[in-house]
Amino acid sequence: MIGVLAAPAALAAPAAVISSGSASGTISPPSIEYSQLAPMLIVFAAAVVGVLVEAFVPRPFRRAVHLVLALGSLTAAFIMTIVVAASHKIFAGGSPGHVAAMGAVAVDRPTLFIQGTILVLAFASVLLIGDSSNSPFAAQAAAAPGSAEEREALGAGIMHTEIFPLTLFAIGGMLLFPAANDLLTMFVALEVLSLPLYLLCGLARRRRLLSHEAAMKYFLLGAFSSAFFLFGVAMLYGFAGSVSLSAIASAAASNTANSTLLFAGIALVGTGLLFKIGAVPFHSWKPDVYQGAPTPITAMMASCTVVSAFGALLRVFYVAFGNLTWDWRPALWAVAVLTMVAGAVIAITQTDVKRLLAYSSIAHAGFVLTAVIATSVAGLAGSLFYLASYGLTTVGAFGVITLVRDPGGEAGHISRWAGLGRRSPVLAGIFALFLLAFAGIPLTSGFTGKFAVFQAAIAAGETPLVIVGVLASAIAAFFYVRIIVLMFFSDPIPDGPEVVLPTVFTGTAVGLGVLATLVLGIVPEPVLSLASHAANQLFVG
């Protein structure tokens, strides 16, 4: 892991370190601030230990060991994030932060807020993943769907416990992605978070062919987006002679003679990042992947991955391209409008609950982009709050979906949810709360989040963009309310789905979502203040 963090910085490190080492006949060792990198190192170390658990722990005990390891490491990493954020040494004298690992990783308040958010969302997602009651994961991924080997594995109750170390590797990559201070480290983090997700998307127990299709689409389109990102890195290196974000910003401010490489690099790197958040027109993978992947993995992708990707997008556009706001803002303005409108309009036609929430996620990405475009402290603070509130609500919503089941698995078709309010009024009420939060109804976290990002956009002079956002929110409210009406004002179908009692794991994850949705809607001030404090000095360069 240390090599991953330190090696890319060699391209951006000052040549004086190398020359001084050569003059004395010795090579200066890299300086690694282990305490500042502790949250990431804990998660990566737990992932490596998880691989050893697969090798040496007997199968009947693996799940319990993995759960303790995963939840324990995420808790420890979150505690260390708080410790680092409270460090007087890093932020002494009004310092915005520190660049660690030879310039490869930035440690600042916005990044720590994002990492803390990811760890909380990851904890809730791992609770869903670890729920063994009617597990959504395939018993034997190598067996062909419908084969005798698959039936034998299902009958034996085998569980793919490899999902836990894969999940931890993905979470580790998500923590590094928004913290990367140079583009090559960012690319490594992108691959570390993406590769495990490609595998996890193909491990659904039911509708396995759909799951395999989702994994393949995600892999192919993800590989294309990574290629765009890497080609953009090459363009920017050709322009600035460095992959450091601060060096690119300095070169952009002083050198306009070779702007072709600069603008090509911005477009290509932006394409790679916009793909990860699912912005239009780079969104085509999202509905298929969300529908086909196991629902706990969908919950993790819809929350943790989106937060991490937005963190990286904010860092790149605020640090490396901060001096070029008037050049990239029109393009991002058009992407935001397309994302909000397309996500809201296409969601109306969906008949599958997970696909509907996928298009809802696309529309919400557009709402966050309105704050990104503001390029201000208020815009960054609004983005941070929105990502935190939306992520917790999303995990809770997908947790509810895992509890509504047909004989063949989860009840995906919306028509199967008719009359759910009479079968299980508590569960239907919780899901209705989450849908109202997505719609931005007052006294929910969704309203506070939209108010924060729209207020930042208006303050930056982007009132037309906010008008589009409000109209898109009104359109989106239609399909949210449609599901609520279907659940509470329609007769239950005779062979309706079964509503299973949640276990402690799923119940805790859904409960966290309910608590966050209500608290951040009724008493949002503490988290809003925390986000504003984190964004006060923007990113360290």
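Leaving aside neighbours within four places in sequence, Glu 462 is in contact with Arg 329, Trp 333, Ile 373 and Ala 457. That's in a predicted model, so keep that in mind throughout. The protein chain has 22 helices and five strands. With a radius of gyration of 23 Å, close to the 24 Å that the globule rule gives for 541 residues, the chain is as compact as a globular protein of that length.

**Glu 462**
- You'll find Glu 462 in the loop between helix 19 (445-459) and helix 20 (463-489).
- Buried or exposed? Glu 462 comes out at 9% relative accessibility, and because the cut-off for buried is under 20%, this residue counts as buried.

**The largest pocket**
- This one holds about 600 Å³ of space.
- Its lining takes in 24 residues, and the closest to the pocket centre are Phe 78, Phe 113, Gly 116, Thr 117 and Leu 530.
- Which helices supply at least two lining residues each? They are helix 4 (59-85), helix 5 (109-129), helix 16 (377-401), helix 21 (504-522) and helix 22 (525-535).
- Helix 5 gives the largest share of that lining, with seven residues.
- Sorted by class, the lining has 19 nonpolar residues, four polar and one charged.

**The second largest pocket**
- Here the space is about 390 Å³.
- There are 28 lining residues, and Pro 136, Arg 206, Thr 295, Gly 409 and Glu 410 are the closest to the centre.
- By class, the lining of the second largest pocket splits into nine nonpolar, 11 polar and eight charged residues.

**The chain as a whole**
- The C-alpha trace spans about 80 × 60 × 40 Å along its principal axes.
- Of the chain's 541 residues, 58% count as buried.
- The chain exposes about 19700 Å², and carbon and sulfur atoms supply 71% of that area.
- Take the contacts between residues at least 6 apart in sequence: 81% of them join residues at least 24 apart.

Conventions:
Residues numbered from 1 in each chain as written. Predicted model: local features only at pLDDT ≥ 70, side-chain atom pairs only at ≥ 80, totals over all residues. Heavy atoms only, no water. 1 Å grid on protein atoms, 1.4 Å probe; cavity = no way out; pocket = protein on both sides within 12 Å on 5 of 7 lines; lining within 4 Å. Points joined across faces, edges and corners; volume = space filled by probe spheres on them. Helix = DSSP H or I, 4+ residues; strand = E, 2+ residues; numbered from the N terminus. Nonpolar A, V, L, I, M, F, W, Y, C, P; charged D, E, K, R; others polar. Buried < 20%, exposed > 50% of the residue type's maximum accessible area, 1.4 Å probe, protein only. Contact = heavy atoms within 4.5 Å. Rg over C-alpha atoms; globule rule 2.2 N^0.38 Å. Areas by Shrake-Rupley, 256 points an atom, 1.4 Å probe, with all protein chains shown as cover.
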